[in-house]
Amino acid sequence: MAGSGLQILAAYPALGPRGAQYSWYPFQNDAPPSWLRLGGWLAGARHLHFAIAWFFILNGMLYLIYLAASGEWQRRIFIPRRDTSNALAMLGYYLHVRKTPPPEDFYNGAQRLAYSSAILYGVVVVASGLAIYKPVQLYWITAAFGGYDAARAVHLSCLVLIALFTAIHLAMAALHPRTIVTMLTGGPRG
Amino acid sequence: MASLITRRRLLLGLGAAGALAGCDSRPASIFLAGMERWNERVDRMLFSPTRLASEPPAAELTPEPDFPSYFISDTIPFAPDNWALKVGGLVARPSVFSLEQLKRMPQTGMRIRHHCVEGWSAVAEWHGVQLREIARIAGASRDAGYVEFRSFDAGYSSSWDIESSLHPQTILAYGMNGRALYPDHGAPLRLYSPVKLGYKNVKYLTEINFLPQRSGGYWEDQGYDWYGGV
């Protein structure tokens with residue numbers, strides 16, 4: 001999805017409508033590097049993107065159904081009232097402001113915040129994708145994002161956030177190799 | 001027969017795309033061709049023949065120098081002196097229309113955001129005659145499920161489903177932003193509709209044919225999706 005999306009972006013590597021490009025976007029008219037792209041050319045990338053998108057959505061929906069039906073959301077989803085102080089304490093520990101980590105059950109607050117935000121990026125990346133895929137037929141989704149070009153900017157921003165999340169996730173797993181076993185086995189129950 | 005040829009073309013196009021993507025295997029191109037047929041079904045399901053694209057406010061009009069104009073000829077194509085629009089295929093009354101005749105028909109105007117397959121958007125006002133009016137005058141048959149558009153731009157063409165062709169905002173435009181259409185935007189007559197991507201909106205029109213089978217198109221034959229709905 002990311003590689004074909006960047007190949008599509010390369011066809012018009014700018015954000016904002018023609019004649020009124022966004023001034024805040026730092027890579028205006030700079031195409032993403034070719035080693036990050038997939039699909040060869042615009043039409044090839046579009047076929048890949050719109051074919052695999054269905055499986056991305058299906059995968060996400062199965063995960064959300066599992067999360068809701070199994071009750072797992074209670075220990076995985078960030079609930080502000082329960083988790084905010086724990087997340088802040090964990091952040092303090094990472095930044096060496098705090099000497100000891102806060103108590104944690106299955107996940108600590110910072111983990112819950114990170115994983116829940118990743119779900120949010122997934123939902124928004126799909127919605128903004130639909131908004132720029134069919135801006136006339138699905139006009140209400142496009143309108144919810146503030147129009148076609150705004151939705152396109154949101155779509156790219158989601159990719160950046162998902163990439164950042166993945167990089168931090170991989171770095172944390174590498175720093176705490178024991179958690180990899182827990183990830184694969186599901187961890188202790190109870 | 002025509003649909004077989006198109007499907008083969010489609011497979012070839014997708015195969016070429018797949019080869020460039022580094023997945024030049026047969027299963028990969030069959031998978032992608034299957035998914036494209038699925039996506040076209042979804043596209044047709046989402047399409048509403050009555051839903052109108054909303055008109056952006058005048059403040060969002062794109063300054064004309066910033067509105068890109070694409071053509072495939074080496075230089076801007078200019079209409080021949082004896083230009084006229086031919087309408088044929090499955091019609092009761094094959095017709096030829098001069099620009100003056102088209103301008104005397106009921107005029108439709110709209111301010112529309114253009115969506116290019118490349119990802120950019122731009123806003124302009126277009127005026128012209130609804131294609132459904134032409135279909136009515138020529139007496140298009142109920143068996144015509146497709147419409148083919150030909151141009152004098154080095155053979156550039158496209159073909160559409162009949163539902164999108166008869167959409168009230170699908171027009172044959174002879175005016176842009178309150179003036180006569182400029183040669184770089186398809187003068188004297190171009191197809192324009194908010195329900196299709198830019199490459200489906202054929203400029204420099206010469207011929208419209210109502211057909212029982214789809215024909216391809218300049219970009220479609222090279223691998224771009226045939227439906228191209230917005």
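User: Which residue is the bridge partner of B:Val87 in E10(B)?
Analyst: That's B:Ile208. One thing to keep in mind throughout: this is a predicted model.

User: OK. How do the strands E1 and E10 of chain B pair, in the parallel or the antiparallel sense?
Analyst: They pair in the parallel sense, over four bridges. E1 covers residues 85-89 of chain B, and E10 covers residues 205-211 of chain B.

User: What's the order of the strands in the open sheet of chain B?
Analyst: The order is E2-E1-E10-E5-E6, so five strands in an open sheet with mixed pairing.

User: Which strands stand at the edges there?
Analyst: Strand E2 (95-97) and strand E6 (157-161) of chain B do. Each has a single partner strand, so one side of each is left without a neighbour in the sheet.

User: And by how much are neighbouring strands of this sheet turned against each other on average?
Analyst: By 20°, with direction ignored.

User: What about E3 and E4 of chain B, how many bridges join them?
Analyst: Eight bridges, and the two strands run antiparallel. E3 is residues 108-115 of chain B and E4 is residues 121-130 of chain B. To give you one spot to look at, B:Arg113 stands opposite B:Val123 in E4(B).

User: Which residue takes a positive phi in the hairpin of E3(B) and E4(B)?
Analyst: B:Gly119, with phi near 115°. That hairpin has five residues between the strands.

User: Where are B:Ala154 and B:Tyr204 found?
Analyst: Both are in loops of chain B. B:Ala154 is in the loop between strand E5 (146-151) and E6, while B:Tyr204 is in the loop between E9 and E10.

User: Is the peptide bond from B:Ala187 to B:Pro188 cis or trans?
Analyst: It's cis, with omega near 5°. B:Pro188 lies in the loop between strand E8 (179-180) and strand E9 (190-192) of chain B.

User: Switching to chain A. How many helices and strands are there?
Analyst: Eight helices and zero strands. The C-alpha trace of chain A spans about 55 × 40 × 30 Å along its principal axes, and 31% of its 190 residues count as buried.

User: Which domains does the assignment give for chain A?
Analyst: Domain 1 (1-52) and domain 2 (71-185). Their C-alpha centres lie 23 Å apart. The contact takes seven residues from domain 1 of chain A and five residues from domain 2 of chain A. On the domain 1 side, five of those residues are nonpolar, two are polar and none are charged.

User: At what angle do H4 and H5 of chain A pack?
Analyst: About 105°, with their axes 6 Å apart. That makes H4(A) roughly perpendicular to H5(A).

User: Which residues make that contact of H4(A) with H5(A)?
Analyst: From H4(A), they include A:Asp83, A:Met90 and A:Leu91. From H5(A), A:Arg112 and A:Leu113 are among them. By class, the contact has five nonpolar, three polar and two charged residues.

User: Last one: how many residues of chain A are in contact with chain B?
Analyst: 28 residues of chain A, and they meet 36 residues of chain B. Helix H1 (2-11), helix H2 (42-70) and helix H7 (148-175) of chain A each supply at least two residues of that side. The largest share, eight residues, comes from H2(A).

User: What classes of residue are on the side of chain A that touches chain B?
Analyst: There are 17 nonpolar, six polar and five charged residues.

Technical notes. Residues numbered from 1 in each chain as written. Chains lettered and ligands numbered in written order. Predicted model: local features only at pLDDT ≥ 70, side-chain atom pairs only at ≥ 80, totals over all residues. Axes fitted to C-alpha atoms, helices over the stretch in contact; angles between N-to-C directions. Buried ≥ 20, exposed ≤ 12 C-beta atoms within 10 Å, placed from the backbone. Contact = placed C-beta atoms within 7 Å. Nonpolar A, V, L, I, M, F, W, Y, C, P; charged D, E, K, R; others polar. Domains from an automatic or database assignment. Parallel < 35°, antiparallel > 145°, perpendicular 65-115°, else oblique.
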